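This report describes selected local features of the structure shown below.

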Amino acid sequence: MTIEPLLDVRGLVKEFPQSGGIIPGRLSPIRAVSGVDVQVLPGQTHGLVGESGCGKSTVARTILQLDKPTAGEAIFEGRDLFKLNKSDLREARKDIQIVFQDPFSSLNPRMTVQSIIEEPFVIHGGAHKSEREAEVKRLLKQVGLNPEHAARYPHQFSGGQRQRVGIARALALQPKLIIADEPVSALDVSIQAQVVNLMRDLQRELNVSYLFIAHDLAVVRHISDVVSVMYLGKIVETGSRDDIYENPTHPYTQALLSAVPEPDPILERMRERRVLVGDLPSPADPPSGCRFRTRCWKATELCAEEEPALEDPGVGHSVACHHPEVEVAISSR
Amino acid sequence: MAVPLLVVEDLSVEFHTDEGIVKAVSNMSWELAAGETMAILGESGSGKSVSVQAVMGLLPMPPAVIAGGSIRYGDTELIGSEPSVLRNIRGPEIAMIFQDPLSALNPVYRVGWQIAEMFRMHEGASRSEARTRSIDLMQRVGIPNPEIRFRQYPHEFSGGMRQRAMIAMALALNPKVLIADEPTTALDVTVQAQIMDLLGQIQADTNMGLILITHDLGVVASVADRVIVMYAGRTVETGDAESFYRRPAHPYSKGLMRSVPRITGPLERLHSIDGTPPSVVDLPAGCAFATRCPEVHDRCTERPALIQIGDRTRTAACHLVGEPVGEAV
Amino acid sequence: MTEPKTVDLEAVAAIDPARRTFWGDAWRILRRRWLFWVSLFLIVTFVGMAIVPGLYVWPSPGPDDPSGLYCFLADARQGPSSEHWFGTDVQGCDYYAQVTYGARVSLVVALFATMITVVVGIVLGSLAGYYGGALDSVISRTADGFFALPYLVGAIIVLSALTTQEGREIWHVTVAIGFLGWPSVVRLYRSTVLQVKGLEYVQAAKALGAGDGRIIFRHILPNAIAPTLVYSTISMGGIISVEATLSFLGIGLPIDSISWGNMISEAGTRIQQSPHLLFFPSAYLIFASLGFVLMGEQLREAFDPRFR
């Protein structure tokens, strides 16, 4: 790729100490994220999908250093975010913003929408009160809210409207990157579509990049240029949107896609479901070798012994599997 | 259609709150026959759960008030019946499972014990008999190693396994009707598929009536026989699933169907329904969807009744469906 | 379909979301409860008594009454009468005036002791809850140590450490009570901080680059203060009794200060002959204390959405 990535995360590891046990520190830490590489190109969206507990949200939180990373680097515009001192990090945070999942807990209930959206300006100084007010009005309009409602409190808005307020706050400092952690999964379907469309429009307008984290493969398909699939702290497959949805190669990706229900009874009955057996293993004690092998229908002894590398098996994108299904696509197509 | 097991007729449920009267369900009617799967679809606040909570007697009263209508199981009217009568119906005859199995299971008791309790309490089974039957049941709902799982606590179960345990408890007394309120919403997509398959298979085995309540149009598409779509406490469309999914009639159903993101098909801009649902405290006198409807017209200030469309299996509450209008894009 | 019979204007205002705030909601709940009004009445009465006792006692002290407290030795230890509603004490002072003037010291001690506990509790609770780690361990274990200490023993130790040769002063008692009271507030406030800290709006502020001070005061404090407010209102009532207990035991306020505790303490020795000396200050003490405790309970229910 010739374009320089805006954000280049390499070898990201995040361990959480396990509490409990009689002697502190005796239990080995839980590796929530275990060596993840993610690149976000300018003006593009990288979708990070996986089921709960796969570590996708931890990736977001560590990049923003809401949690301290254990190892790895995150190069943003040539500088490693993990090595910045406090004041440089504060500066860098102007360029990287976050939108959270829960539109109810992500806005301070005791603050008006005006003070929520202008907070970034207050924190980073500059702009007089009147300028800030004008700016908040402009931002509200930009995210499709009535600028007259700036004096209202968050609980006076619906879920979708609050998520727009959250987006307006994230846009305030004109960031280059927005990390969106499950931004639509708490919303109703008809509202979800509004927010996804808004995010796409804003991207086109402002050339902002997104790291879009979600469990819903269908939503990710509608907004992402590049998609990575995570399982138990690792990326198992990564490629362009078409690679992932038209030519899924990792068994886990295939299973995920085949499990997504479609609102069409006839199509559903024709589809051959690949229903995974069992549950996600505990991240405290991941399986040896390939982490997916305990639920994989293709697992062999090799999978238990050796961890597959994330590389291209000749399909044009990277897959971490010893037995990639190179030519088979899911049967509904 | 066979003789219905459960009949809800003209049911209205209100919540009397400080903020005013919330009309959670207005004049809802449906029937469920044995062996039938009915899906009640709607977004949050549509009242989709309230009607079945009324069936199960789970509404907190006050603030909830059943403002009218009837709920009949066989020959028994459930509204206003003696608690002793209801106890023999709710649970043994009509069982229910919930969205969040963690809060529905008691954290301080072993899962197996909670299932066994159903046999001991309702059928007076002996300890060992209850244990054997519980283990059989756990096996039947696909809980691996049931002997070991029997002795574990809810927190030692994963989300999917907990939902299976809940299903086992609900099935313990061989109910004739099972109500599942968002049974897969809290679960991961791969586990979702497992649970839906399980429910479908159990229903085929037992010929019970199954009611699925969900906001997810996709999840129930493969299992539902019939569909009811709710909006702002009102039924806006009913019909057999196949023809509903092929051609939704009400503008709300159409919009909803088109706003579902897909993993296949053309990658166009997502369709969205503008605006937000009306406050249920202050419902408009006419059609509740009028403020967001792309096909709104003069008559929408009158509240539309459910009108039969096409073959007799389908109805929609829209002034437009009765008239020969071209298919809106 | 049933319509509400009359249009309650307030209910209409409540429906309009533009007018709803956290405090507004609490107020709407409170004002419908008679216990709130009872407790408010009690608090206003006693606080008024503490600020301007002259409003409650008339006529004002005359020139032949140098103490300013209606004392005439000849009338000592009389029971209640139309002239002296609460009777007189051993000095012949009008007991109604005495008990009324006693409100000030009792409430001042309670107020300042509560302020000490709340300020110390919130500062330490914020530090422990927000920063965690070693700081949290030190603060929390110290608080645990205080809990292990029996209250009266603690009070005796602190008061004897503070007392100088000139004797005890009011602020000694205030500080002693405050000093022993902060650990409960720390525990309470710390746990609320821990809850609020994890919420996404706090994370969002962090991601915006907000400093610790801003997060602690702008985002956490307003959302975590309610339980502490409730607790301290209730504890105001408790502290009024604690002060009385200490005074009763003779380790409280200086003997010459007019407080309910001292009055009760003194009356205890004459309970057979003059029960009214015990009855009236005790009754005032109980009602003042009750006022704050009831108010605290009402606030708790108004703030806690589970009661709504």
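## Helix packing and backbone geometry

In this predicted model, the axes of helix 10 (residues 260-268) of chain C and helix 11 (residues 275-303) of chain C cross at roughly 145 degrees and come within 8 Å. The crossing of these two helices of chain C is left-handed. Helix 10 of chain C contributes Trp260(C), Met263(C), Ile264(C) and Ala267(C) to the contact. From helix 11 of chain C come Leu277(C), Leu278(C), Pro281(C), Ser282(C), Tyr284(C), Leu285(C) and Ala288(C). Classed by residue type, the contact between helix 10 and helix 11 of chain C comprises 10 nonpolar residues, one polar residue and no charged residues.

The backbone at two further positions is also described. Gln174(A), which is not glycine, has a positive phi near 50 degrees. Gln174(A) lies in the loop that joins helix 5 (159-171) and strand 7 (177-181) of chain A. In chain B, Ala232(B) likewise is a residue other than glycine with a positive phi, near 50 degrees. Ala232(B) sits in the loop between strand 9 (226-231) and strand 10 (234-240) of chain B.

The accessibility of the two residues is listed below.

| Residue | Relative accessible area | Class |
|---|---|---|
| Gln174(A) | 59% | exposed |
| Ala232(B) | 6% | buried |

Gln174(A) counts as exposed because its relative accessible area of 59% is over 50%. Ala232(B) counts as buried because its 6% relative accessibility is under 20%.

Key: Residues numbered from 1 in each chain as written. Chains lettered and ligands numbered in written order. Predicted model: local features only at pLDDT ≥ 70, side-chain atom pairs only at ≥ 80, totals over all residues. Heavy atoms only, no water. Helix = DSSP H or I, 4+ residues; strand = E, 2+ residues; numbered from the N terminus. Buried < 20%, exposed > 50% of the residue type's maximum accessible area, 1.4 Å probe, protein only. Axes fitted to C-alpha atoms, helices over the stretch in contact; angles between N-to-C directions. Left-handed = near helix turned anticlockwise from the far one by under 90°. Contact = heavy atoms within 4.5 Å. Nonpolar A, V, L, I, M, F, W, Y, C, P; charged D, E, K, R; others polar.
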